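Welcome, and please get your viewer ready for a short walk.

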Amino acid sequence: MFNLNLLIDIHFLSTSVMVGVIWVIQLLHYPSFHFVQKSDYPKFQQFHMSRISLIVIPAMIIEFITGIIMLQFGFSSNFLFISSLVILITIWGITFIFFTKMHQVLISGYNEIIVNRLISINWSRTLLWSLRLLVLCYIRS
């Protein structure tokens, strides 16, 4: 038997995980890129990309898939929920358009301009994911 409440909880939890991760990345992880030894930077960047992917890819996929399934079960008429999915798609777009390319550049070595750009542009994802979580909190209440 399908449990809509469980689906909603999983969707909310995956968004919550991503909000926690994105704030840690914004306030701690990306700024720490400036303190890695230049000679170790390509290895560090490879390590970062492989390890962060283990966390964010499953959470992002679960967040997206559960959101799409929720549309099938009555949320397609909920303006706030649709808005939250538009925010999610925007976050994915920002991620693939900007962040994938910047991280690829950093594989070849430290670049202060790119790291500063990561930190700056990541505020958009941080704020959008936080807004999305607030919207989902409101919907759940």
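Before the first stop, one term: a residue is called buried under 20% relative accessible area, exposed over 50%, and partly exposed in between, using a 1.4 Å probe and protein chains only. This is a predicted model, in which local features need pLDDT of at least 70 and side-chain atom pairs count only at pLDDT 80 or more, while totals for chains, interfaces and linings use all residues. Residues are numbered from 1 along each chain as its sequence is written, and side-chain values use heavy atoms, with hydrogens and water left out.

**Stop 1: a loop.** Select S108, in the loop between α3 and α4. Is S108 buried or exposed? S108 counts as exposed because its relative accessibility is 65%.

**Stop 2: helix α3.** Move to V105, which lies in helix α3. With a relative accessible area of 37%, V105 is partly exposed.

**Stop 3: the whole chain.** Zoom out and colour by secondary structure. The protein chain has 4 helices and 0 strands, giving the pattern α-α-α-α along the sequence. Helices here are DSSP runs of H or I with at least four residues, strands are runs of E with at least two, and both are numbered from the N terminus. The C-alpha trace spans about 55 × 25 × 20 Å along its principal axes. Of the 141 residues, 40% are buried. Taking contact to mean heavy atoms within 4.5 Å, look at contacts between residues at least 6 apart in sequence: 81% of them join residues at least 24 apart.

**Stop 4: helix α1.** Select T15, in helix α1 (residues 4-32). T15 is classed as buried because its relative accessible area is 0%. Leaving aside neighbours within four places in sequence, show what T15 touches: E63, W129, R132, L133 and L136.

**Stop 5: the cavity.** Rolling a probe the size of a water molecule over the atoms shows where empty space is left. On a 1 Å grid over the protein atoms alone, a cavity is a set of points where a 1.4 Å probe fits but cannot get out; a pocket is an open set with protein on both sides within 12 Å along at least five of seven lines; and lining residues have an atom within 4 Å of a point. Grid points are joined across faces, edges and corners, and a volume is the space filled by probe spheres set on the points. How many cavities of 30 Å³ or more does a search of the whole structure find? The search finds 1, and the largest cavity holds about 40 Å³ of space. Select its lining: I8, H11, F12, M70, F75, L136, I139 and R140. Helices α1 and α4 (112-140) each supply at least two residues of this lining.

**Stop 6: the pocket.** Finally, select I52, S53, V56, T95 and R125, which lie nearest the centre of the largest pocket among its 22 lining residues. This pocket holds about 460 Å³ of space. Each of α1, α2 (41-72), α3 (79-107) and α4 supplies at least two lining residues. Which helix gives the most to the lining? That is α2, with 8 residues.
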